[in-house]
Amino acid sequence: MKMNNNDILIRLRYALDIKDADMVEIFGLGGIEITNQEVRDILLKVKNDGHEMDDEFQENEYKKKLDNNQLESFLNGLITYKRGAADSDKPVPLTMNDRNVNNILLKKVKIALSLTSEDMLDILSDTGTILSKSELSAVLRKEGHRNYKECGDRYARNFLKGLALKYRE
């Protein structure tokens with residue numbers, strides 16, 4: 001099943017044990033004003049009429065859909081929340097699109113939590129996912145670089161699962 005932006009946010013929120021009020025603050029630090037109710041709507045799955053809920057490959061639908069700019073703003077806010085404000089006054093340009101969501105997720109969480117590449121490889125290996133240093137480096141590169149590699153949902157999902165194992169023990 002393909003993860004959407006709401007799924008990513010929910011898994012990240014769980015892994016790092018972020019409360020609703022903190023989520024409002026993090027979105028604010030990323031430049032988006034949002035209320036507690038809007039956060040709850042982003043996290044709330046819409047119930048179907050019952051027939052299709054058993055389909056494990058059905059995409060999750062949420063009361064309020066989170067778009068790429070909102071997710072990236074949240075990740076930028078998470079960096080500020082965890083590490084403090086940047087020295088620069090210029091805003092971070094938003095670069096997330098449907099192809100690079102997972103790459104940017106890994107890159108920004110790495111920055112927010114001050115993780116080294118070794119830390120990231122350990123987090124992935126805790127979930128049984130083995131990735132070489134060069135593969136991780138390719139995933140963390142800027143889109144357009146000749147060695148850039150798109151990060152699949154499997155790696156992103158396992159990274160978020162590994163974060164939960166590490167930070168919720």
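Colleague: What is the place of Asn4 in this chain?
Modeller: Bear in mind that this is a predicted model, where local features need pLDDT of at least 70, side-chain atom pairs count only at pLDDT 80 or more, and totals for chains, interfaces and linings use all residues. Residues are numbered from 1 along each chain as its sequence is written, and side-chain values use heavy atoms, leaving out hydrogens and water. With helices (DSSP H or I runs of at least four residues) and strands (E, at least two) numbered from the N terminus, Asn4 falls in the segment before helix 1 (5-16).

Colleague: Is Asn4 buried or exposed?
Modeller: The scale, from a 1.4 Å probe on protein chains only, is buried under 20% relative accessible area, exposed over 50% and partly exposed in between. Asn4 comes in at 12% relative accessibility, so it counts as buried.

Colleague: Which residues lie nearest the centre of the second largest pocket?
Modeller: A pocket here is an open set of points on a 1 Å grid over the protein atoms alone, where a 1.4 Å probe fits, with protein on both sides within 12 Å along at least five of seven lines; lining residues have an atom within 4 Å of a point. This one holds about 280 Å³, the space filled by probe spheres set on grid points joined across faces, edges and corners. Of its 18 lining residues, those nearest the centre are Lys2, Met3, Asn4, Asn5 and Asp98.

Colleague: Which helix supplies the largest share of that lining?
Modeller: Helix 1 and helix 5 (101-112) each put at least two residues into the lining of the second largest pocket. The largest share, three residues, belongs to helix 1.

Colleague: Which residues touch the most other members of the largest nonpolar core?
Modeller: That core is a set of buried Ala, Val, Leu, Ile, Met, Phe, Trp, Tyr and Cys residues joined through side-chain atoms within 4.5 Å. Among its 44 residues, the ones touching the most other members are Leu12 and Leu163.

Colleague: And which helix gives the most to this core?
Modeller: Elements giving two or more residues include helix 1, helix 4 (68-83) and helix 8 (153-167). The top contributor, with six residues, is helix 5.

Colleague: Which residues is Asn6 in contact with, beyond four places in sequence?
Modeller: Asn6 is in helix 1, and it is buried because its relative accessible area is 2%. Contact means heavy atoms within 4.5 Å. Leaving aside neighbours within four places, Asn6 meets Ile42, Tyr62, Lys64, Lys65 and Leu66.

Colleague: Is Leu94 buried or partly exposed?
Modeller: Leu94 is in the loop between helix 4 and helix 5. Its C-alpha is 6.6 Å from that of Asn69, 25 residues away in sequence, and its contacts beyond four places are Asn69, Glu72, Ser73 and Asn76. At 39% relative accessibility, Leu94 counts as partly exposed.

Colleague: What share of the chain's residues is buried?
Modeller: The chain has eight helices and zero strands. Among contacts between residues at least 6 apart in sequence, 68% join residues at least 24 apart. Of the 169 residues, the buried share is 42%.
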